Amino acid sequence: MHGEYKVPGGKLVVVDLEAEDGVLRHVRVAGDFFLEPDEAFDALSHALEGAPADTDAAGLAARIDAALPEGSVLYGLTSEGVGVAMRRALAHATDWTDYDWQLIHEAPQSPALLMALDEVLTEEVAAGRRPPTLRVWEWESPAVVIGSFQSLRNEVDREGTERHGVQVVRRISGGGAMFCEPGNAITYSLSVPDSLVQGLSFADSYAYLDDWVLEALGDMGIKAWYQPLNDIATDAGKVAGAAQKRVAGGQGAVLHHVTMSYDIDADKMVEVLRIGREKLSDKGTRSAKKRVDPLRRQTGLPREAVIERMLDSFRTRYGLTEGKVTDEEMARARELARTKFSAPEWTARVP
C-alpha cells in the first residue's frame, strides 16, 4: 500500500506499507522533509511497525511522538502528517495528479444559478460522468450567501439587502454568511471524487484542499496559512473562507468552495450582514471591517491577474484543461435555480 500527504505549509510525506493479520508491516516513511538527528528517521518507521491497522491518525502520531529521540527537530513534517499519510495508504486514497482536471470559467451568472451549478457538477463528479472540476465563479449581481444551516433572520439585515439591491441565497454547504459583489470577490469550487480525501478527517480535508491556494498566494508574495476550521489568513487578516458538502451516490464526491476577498465595501457589508459580538470576540477583533483584508491591497494586482496566477499555479502542479458546463448540466442547473435556490422555502428553511 502506498500513501502520500503534503503537510499544509510543509513538505510531502510518502509511506509504503503492508497490512498482515490486522497489523502494519514493512512500514517505510520517506519524503522531502527535514529531520534531525538522523536516528529520528529510522524511529519514524519503527514506531509504526506492528501497530493495529485500524489505528487512527492521532494514535499513529502518538506512537511516533513516543519513539522520537529527545530533542528531535521536524521541519516541514509533523507526526500527525505521517499518521494521515498512513491512513490514506490504508484507505487506497488517490492523489491530485491521478486525475485530468477540468477548468470551468464562464460569463457572469446569477447567484441562484451559481449555487445550483455547485450541486449539479458535484453530483456529476460523484456519478463518474464528469472529471474533477475547478470552477471559477463570476457574479452577475451582488449577493449575500448564507450557510445551509444558518438562520436567515439572524444572519441577514433584510432592510439593508433591499436598500442595496443585494439578493439573498442559501448554499448547500454549511459555514457562515458571505457578502459578494461583482469584481470584488474571487470565488471558486472544487468538485472532487471522494477518493481524493479518503483517509482524511473532515478538518484535515479542508487543509488538504486549500493547500494549493496557499502556494498560489505564496507565488504572489503573500504568506498565507490555513486557519482551522475553514479560513485562509495572512498577517494582515483573513482573506478567504471555505465550506464543504459531501455528495453521496456513485463513487461519492466532495464540494469544496472558497470565497476570497479581492476588494470589499466594508460599510455595505455591515449593513447587509448581522455580525454578532460573539463571532467578533471569537476572531479577536472589535470590528467586522477589520476581519477581512482584501487581496487587492496585498497583491497590487488586478483581479483578473490574481485569478490567472492562481490558475497557472494549479495548472503547473496538477494540470488543467479548459472545459465547459454541458447543455444537460446547464438545463438541470437552471431548473434547480428556479425551483430551489430562488424559492423562499429553501432560502428561509431556517427562518
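Mentor: Let's start with a word we will need: a residue counts as buried when its relative accessible area is under 20%, as exposed when it is over 50%, and as partly exposed in between. Keep in mind that this is a predicted model.

Trainee: Thanks! What makes both faces of E7 covered?

Mentor: Look at the side chains on each side of the strand. Thr133 and Arg135 are on one side, Leu134 and Val136 are on the other, and all of them are buried. In a regular strand the side chains alternate between the two faces of the sheet.

Trainee: How do you know that E7 is joined to E11?

Mentor: Two strands pair if there are at least two bridges between them. Strand E7 (residues 133-136) and strand E11 (residues 185-193) have 4 bridges and run antiparallel, so they count as paired. One place to look is Val136, whose bridge partner in E11 is Tyr188.

Trainee: And what joins E6 to E7, and in which sense do they run?

Mentor: There are 4 bridges here, and strand E6 (residues 102-105) runs parallel to E7. Ile104 stands opposite Arg135 in E7.

Trainee: Which order do the 8 strands of the open sheet have?

Mentor: The order is E12-E13-E14-E15-E11-E7-E6-E16, and the pairing is mixed. The edge strands are E12 (224-227) and E16 (321-322).

Trainee: Why are those two called edge strands?

Mentor: Each of them pairs on one side only. For E12, the partner is strand E13 (residues 231-234): 4 bridges join them, and they run antiparallel. Tyr226, for example, has Ile232 in E13 as its bridge partner.

Trainee: Which face of E12 is covered, and which is uncovered?

Mentor: Ala224 and Tyr226 make up the covered face, while Trp225 and Gln227 make up the uncovered one.

Trainee: Let's move to charges. How do you know that Asp211 and Lys6 form a salt bridge?

Mentor: The cut-off is a side-chain nitrogen of Lys or Arg within 4 Å of a carboxyl oxygen of Asp or Glu. The closest N and O atoms of Asp211 and Lys6 are 3.1 Å apart, so the pair meets the cut-off. This pair links distant parts of the chain: Asp211 is in helix H7 (residues 202-219) and Lys6 is in strand E1 (residues 2-6), 205 residues apart.

Trainee: Why is Asp211 counted as buried?

Mentor: Its relative accessibility is 6%, and the limit for buried is under 20%. Lys6, at 23%, is partly exposed. Lys6 and Asp211 also belong to a network of salt bridges that includes Glu215, Asp219 and Arg317.

Trainee: What makes Glu308 and Arg315 a salt bridge?

Mentor: Their side chains meet at 3.9 Å, N to O, and the cut-off is within 4 Å. Glu308 has a relative accessible area of 38% and is partly exposed; Arg315, with 28%, is also partly exposed.

Trainee: How far apart are the closest N and O atoms of Glu271 and Arg163?

Mentor: They are 3.1 Å apart, and the two residues form a salt bridge. Glu271 lies in helix H8 (residues 266-272) and Arg163 in helix H6 (residues 158-164), so the pair ties together parts that are 108 residues apart in sequence.

Trainee: Why is Arg163 called exposed?

Mentor: Its relative accessible area is 52%, and exposed means over 50%. Glu271 has 30% and is partly exposed. In the whole structure, a search finds 18 salt bridges.

Trainee: Which residues form the negative surface patch?

Mentor: Glu36, Asp38, Glu39 and Asp42 form that patch. A patch residue needs over 30% relative accessible area and no salt bridge. Glu36 has 53%, which makes it exposed, and it is found in strand E4 (residues 34-36).

Note on methods. Residues numbered from 1 in each chain as written. Predicted model: local features only at pLDDT ≥ 70, side-chain atom pairs only at ≥ 80, totals over all residues. Heavy atoms only, no water. Patch = residues over 30% accessible without salt bridge, like charges linked within 9 Å, V, L, I, M, F, W, Y side chains within 5 Å. Areas by Shrake-Rupley, 256 points an atom, 1.4 Å probe, with all protein chains shown as cover. Lys, Arg positive; Asp, Glu negative; His and termini not counted. Charge placed at Lys NZ, Arg CZ, Asp CG, Glu CD. Buried < 20%, exposed > 50% of the residue type's maximum accessible area, 1.4 Å probe, protein only.
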